[in-house]
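Trainee: Could you take me through the ligand site in this model? I would like a close look at that one part.

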Amino acid sequence: MNDRTALVTGANKGIGHHIARLLVAEGFTVHVGSRDPQLGKKAAEEIGGHLLVLDVTDPDGIARAAAQVDRLDVLVNNAGIAPSLATPADTDLDEMRRTFETNVFGVVAVTNAFLPALRRSPHPRIVNVSSGTASLTWSTNPNPQFAPGNGGAAAYRSSKAALNALTVLYAQTLDGFKVNALAPGLRATDLTARAAAGGDPAEAAAGAVHLALLPDDGPTGGFFSWDGTAVPW
Ligand code: NAP
């Protein structure tokens with residue numbers, strides 16, 4: 001198929017921008033989701049994609065965006081925020097609500113709005129950009145591999161754990177779809193500006209594209225690292 005279409009949310013920068021760029025290189029018509037029209041237009045032009053103004057927390061805007069897309073083969077729910085490193089005891093509830101609004105409710109709202117377009121695809125794929133810091137197995141490891149360990153970034157990590165749960169439930173209930181979650185690894189982007197180090201976001205994007213291009217006998221309802229290895233829930 002050479003008329004495949006994809007939507008990447010939060011594609012004006014960071015990992016999402018790289019995912020969009022790689023999907024264009026794969027021959028997709030790519031809708032570059034961006035809540036800021038100016039930044040999105042520039043980002044779309046840079047890679048030969050098409051701006052789709054989309055704030056994942058704006059129901060009317062989501063409906064307007066979905067009305068512009070007839071058929072969709074790949075949806076990458078990439079938009080995300082990580083406001084603070086606070087532990088649960090120190091987490092501001094408004095911050096937690098904002099985090100879930102984007103990272104969880106936003107994914108459900110966008111996914112459900114674009115389901116009619118995805119159902120018109122012969123091979124629909126959904127990639128939810130999660131985080132290895134959401135792995136409860138890794139989080140409870142006595143030698144945690146992931147910063148911030150010790151119960152930090154509670155709002156962010158619990159939101160991505162909820163996203164992982166939704167990934168499984170969507171996979172179980174969407175016939176013919178492949179729905180998987182990606183752990184991109186620590187990457188140098190604006191989201192992690194406070195971290196001491198981070199790898200190349202393009203490498204993580206390649207992992208997302210791998211899940212976007214899964215064959216019909218590929219996995220669904222899984223949690224995969226950027227390098228394709230399974231991540232424990
Ligand atoms: P980033 O550079 O900060 O990019 C985040 C993107 O999400 C931006 O385009 C941002 O748009 C967009 N966004 C935020 N809220 C939005 C909303 N309400 N509606 C639409 N777009 C919105 O961060 P990133 O590192 O590339 O993050 C991409 C994804 O990877 C996130 O889901 C993040 O949780 C996940 N992740 C990242 C890392 C890492 O190490 N970087 C690790 C694990 C998981 P604006 O420019 O308008 O803010």
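Mentor: Start with a term: a polar contact is a pair of N or O atoms within 3.5 Å. Keep in mind that this is a predicted model. Now take G10. One of its backbone N or O atoms lies 3.1 Å from an oxygen atom of the ligand. G80 also uses its backbone: a polar atom there is 3.5 Å from a ligand oxygen. T189 uses its side chain instead, with a polar atom 2.6 Å from an oxygen atom of the ligand. On its own, the ligand has 890 Å² of accessible area, and the protein covers 93% of that.

Next, the shell. It holds 28 residues around the ligand. The closest are N12, N78, Y156, R187 and T189. By type, the shell has 10 nonpolar, 12 polar and six charged residues. Two elements, α1 (14-25) and α6 (154-173), each give two or more residues to this shell.

Now step back to the space itself. The ligand takes up the largest pocket. That pocket holds about 1200 Å³ of space. Its lining counts 47 residues, and G80, I81, A82, T189 and L191 are the closest to the centre. The lining divides into 19 nonpolar, 18 polar and 10 charged residues.

Finally, look again at T189.

Definitions and conventions:
Residues numbered from 1 in each chain as written. Predicted model: local features only at pLDDT ≥ 70, side-chain atom pairs only at ≥ 80, totals over all residues. Heavy atoms only, no water. Near = heavy atom within 4 Å. Polar contact = N/O pair within 3.5 Å; in protein donor to acceptor, adjacent residues only side chain to side chain. Areas by Shrake-Rupley, 256 points an atom, 1.4 Å probe, with all protein chains shown as cover. 1 Å grid on protein atoms, 1.4 Å probe; cavity = no way out; pocket = protein on both sides within 12 Å on 5 of 7 lines; lining within 4 Å. Sits in = over half its atoms within 2 Å of the grid points. Helix = DSSP H or I, 4+ residues; strand = E, 2+ residues; numbered from the N terminus. Nonpolar A, V, L, I, M, F, W, Y, C, P; charged D, E, K, R; others polar. Points joined across faces, edges and corners; volume = space filled by probe spheres on them.
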